[in-house]
Amino acid sequence: MNDDHWRVATFNANSIRTRLPQILDWLERTDVDVLAVQETKVQNREFPLDEFRRAGFYAVFYGVKGHSGVAVISRREPQQVRFGLDQEDEEEDKARALRCVIDEVPILNTYVPQGRDIQSPEFQRKLRWFARLRALLEREYAPDEPLLWLGDLNVAPEPIDVYDPKRFKDHVDFHPAVRQAFRDIMAWGLVDLFRRHHPNEPNHYTYYDYRAKNPVEENKGWRVDHILATAPLAERCINAWIDTQARLVERPSDHTFLVAEFSF
DNA sequence: ATGGTAGTAAAACTA
């Protein structure tokens with residue numbers, strides 16, 4: 001903790017090995033206490049733990065073969081580390097949900113299944129995933145106690161969070177069913193920290209498709225990465241921002257860093 | 001306008 005300020009961040013790295021130098025650089029420059037990473041794309045035995053340790057960070061992680069994988073990087077040691085959501089977990093679900101407690105703050109870092117397309121069984125899995133997550137909150141947490149849920153949640157909650165909401169009304173990250181599933185979880189007792197500090201401000205995005213031509217320059221993005229907090233923590237949040245500068249590196253991820261700052 | 005790129009991992013699949 002720096003003075004009385006405490007910073008957490010989330011970042012879909014799209015390969016933690018490829019992004020390792022810029023993550024280490026960013027951690028030093030930004031001085032965050034906790035960084036939740038998604039799409040590490042690395043199996044456990046290949047995770048660059050020594051590099052983080054040498055830089056003075058703890059790291060807990062879970063990865064399987066393929067494109068998923070989650071990690072939490074922190075200045076102080078994570079406690080009560082657990083993987084997955086519940087008894088329904090497949091092996092890959094453990095590479096999508098990581099729970100721990102850092103500086104006495106319970107943290108849930110998720111890489112929510114993207115869903116492929118709305119006709120796909122993967123889309124049903126995504127909706128089920130949100131329902132399971134809601135059940136987890138009811139079972140093991142309380143809205144009047146501190147909790148942070150953050151990560152690549154693969155949902156743009158409102159039209160303001162998509163650059164062309166009409167075009168993408170049936171997209172897996174903006175379809176009404178996904179937005180409703182997300183609202184159902186928020187109704188349990190969570191606050192969207194970025195939106196709370198930037199109400200009604202358009203053109204704030206955390207993700208830009210690699211395949212588009214000039215997506216950043218033309219503001220063709222999505223706000224699908226989030227930091228959500230229960231009321232007692234939200235009251236302590238003094239700022240939240242998307243680090244657009246962090247994109248100005250060689251080989252940036254298609255996502256960028258989202259940060260929340262607290263005063264205790 | 002309905003393509004495009006990046007990454008994993010070794011040909012296609014995911015995002």
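View 1. The axes of H4 (residues 121-140) and H5 (residues 176-189) come within 10 Å and cross at roughly 5°; axes are lines fitted to C-alpha atoms, for helices over the stretch in contact, and angles run from 0 to 180 degrees between N-to-C directions. On the H4 side the contact involves Lys126, Leu127, Phe130, Ala131, Leu133, Arg134, Leu137 and Glu138, and on the H5 side Ala177, Val178, Ala181, Phe182, Asp184, Ile185 and Trp188. Contact requires C-beta atoms, placed from the backbone, within 7 Å. These residues comprise 11 nonpolar, no polar and four charged (Ala, Val, Leu, Ile, Met, Phe, Trp, Tyr, Cys and Pro count as nonpolar, Asp, Glu, Lys and Arg as charged, and the others, Gly among them, as polar).

The model is predicted: local features need pLDDT of at least 70, side-chain atom pairs count only at pLDDT 80 or more, and totals for chains, interfaces and linings use all residues. Residues are numbered from 1 along each chain as its sequence is written, while chains are lettered from A and ligands numbered from 1 in the order in which they are written.

**View 2. Tyr208 is found in strand S10 (residues 207-208).** Helices (H or I, at least four residues) and strands (E, at least two) are DSSP runs, numbered from the N terminus. Tyr208 is buried, because 23 other C-beta atoms lie within 10 Å; the cut-offs are 20 or more for buried, 12 or fewer for exposed, and partly exposed in between, with C-beta atoms placed from the backbone. Not counting residues up to four places away in sequence, Tyr208 touches Pro215, Val216, Lys220, Gly221 and Asp254. Leu228, 20 residues from Tyr208 in sequence, is 21 Å away, C-alpha to C-alpha.

**View 3. Asp209 lies in the loop between S10 and strand S11 (221-222).** Asp209 is exposed, with 11 other C-beta atoms within 10 Å. Leaving aside neighbours within four places in sequence, Asp209 is in contact with Pro215 and Asp254. Asp209 and Asp254 are 45 residues apart along the chain, yet their C-alpha atoms are separated by 6.2 Å.

Note on methods:
Two residues are in contact if their C-beta atoms, placed from the backbone, lie within 7 Å.
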